[in-house]
Amino acid sequence: HFMKRLCAIAIGLLILASLGAKAQSKDVYRSPKTSIWVGFNSGHYKQDGYPSLKSNIGGSVMLNSSFWIIKPGNQRFKLGIEAGWLDLNYYDYKVNMQTFEGGVYRYKFQQFDLGMQAGLCADYHITRDIRLHARACYNPAYSGIKVKDDLNCAFANYGTAGISISWKHFGVGFDVKFGKAKYKNIDYEEGDEDHIVEGDEMGSTVPGTINGGEKLPVKLTSLRTSIVFSF
């Protein structure tokens, strides 16, 4: 009889422990560790001596992972490290330049970035299903500017900061990306009939190109609006 009672007590304790573990797990706020951001970009290109150019169209894809380090209590608020394994961006610029002689010089060029991210992140659960996520990261990238058939490449130093709000596994995100790059030389060819619309030929450097052997310093800023998938 003693062994039967002991077994019954042990089974009862296991059942209570199991129920307690389930109740405790429901009290913990869980956050997805991986997110995919698919967005639209608005890029701003600033070359010394010229006004800032705004892109016409642009898009981006980001793949990020969050590693939670500080998660006190029921983990409603968490701090951790953000790792962006992929940060791919594209921008299309159309340029209309007024020449000193009164003519107009029209052309377009494309810019792309392929980079990674590393920094800090935080999560806060407004409710069980509604979650705020913020991040601030260093974002090195391989960047390129394509003018006609010429590709002008450089290493770009970016910083990025953003916030998203999600319901379960879906949400929207907003972030800003900013930094500088010094692109390798692309020689500007004067008298390019594919580009000149009216007026005299341009005798100086135009955005996206450079005359001479020096490098082309550029400031780049991007505002991104994304759909966020978390899992």
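**Ground rules**

I am working on a predicted model, where local features need pLDDT of at least 70, side-chain atom pairs count only at pLDDT 80 or more, and totals for chains, interfaces and linings use all residues. Residues are numbered from 1 along each chain as its sequence is written, and side-chain values use heavy atoms, with hydrogens and water left out.

**Overall layout**

I found 1 helix and 10 strands in the protein chain, in the order α-β-β-β-β-β-β-β-β-β-β along the sequence. These are DSSP runs numbered from the N terminus: helices are H or I with at least four residues, strands are E with at least two. Of the 231 residues, 42% are buried. I then looked at contacts (heavy atoms within 4.5 Å). Among those between residues at least 6 apart in sequence, 67% join residues at least 24 apart.

I count two strands as paired if DSSP finds at least two bridges between them. E1 runs antiparallel to E3 (residues 57-70), joined by 7 bridges; here Val 38 stands opposite Val 61 in E3. E3 also pairs with E4 (residues 77-98), antiparallel again, over 13 bridges. Trp 68 has Gly 80 in E4 as its bridge partner. The E3-E4 hairpin has 6 residues between its strands, and Gly 73 in the turn has a positive phi of about 55°.

Most residues other than glycine have a negative phi. I noted Gln 75, with a positive phi near 65°, in the loop between E3 and E4. Gln 75 is buried, at 16% relative accessible area. My opening residue, Lys 168, also has a positive phi, of about 55°, without being a glycine; Lys 168 lies in the loop between E7 and E8.

**Aromatic rings**

I searched the whole structure and got 6 aromatic pairs. Rings of Phe, Tyr and Trp (its six-membered ring) pair if their centres lie within 6.5 Å; planes under 30 degrees apart are stacked, over 60 edge-to-face and the rest tilted. Tyr 45 and Phe 109 make an edge-to-face pair, 5.2 Å centre to centre with 65° between the planes. Tyr 45 is in strand E1 (residues 34-47) and Phe 109 in strand E5 (residues 104-125), so this pair ties together parts 64 residues apart in sequence. Both residues are buried. Ring pairs link Tyr 45, Tyr 93, Tyr 107 and Phe 109 into a cluster.

I also checked charges over rings (NZ of Lys or CZ of Arg within 6 Å of the ring centre and within 35 degrees of the ring normal). Arg 135 has its charged end over the ring of Trp 37, 4.6 Å from the centre, and Lys 78 has its own over Trp 68, 5.8 Å from the centre.

**The core**

Which residues have the most contacts inside the largest nonpolar core? They are Tyr 45, Phe 109 and Tyr 183, in a core of 23 residues. E4 gives the most to this core, with 4 residues. I define such a core as buried Ala, Val, Leu, Ile, Met, Phe, Trp, Tyr and Cys residues joined through side-chain atoms within 4.5 Å. Leaving out residues up to four places away in sequence, Phe 109 touches several residues, including Leu 53, Tyr 91, Ile 145 and Pro 207.

Conventions:
Buried < 20%, exposed > 50% of the residue type's maximum accessible area, 1.4 Å probe, protein only.
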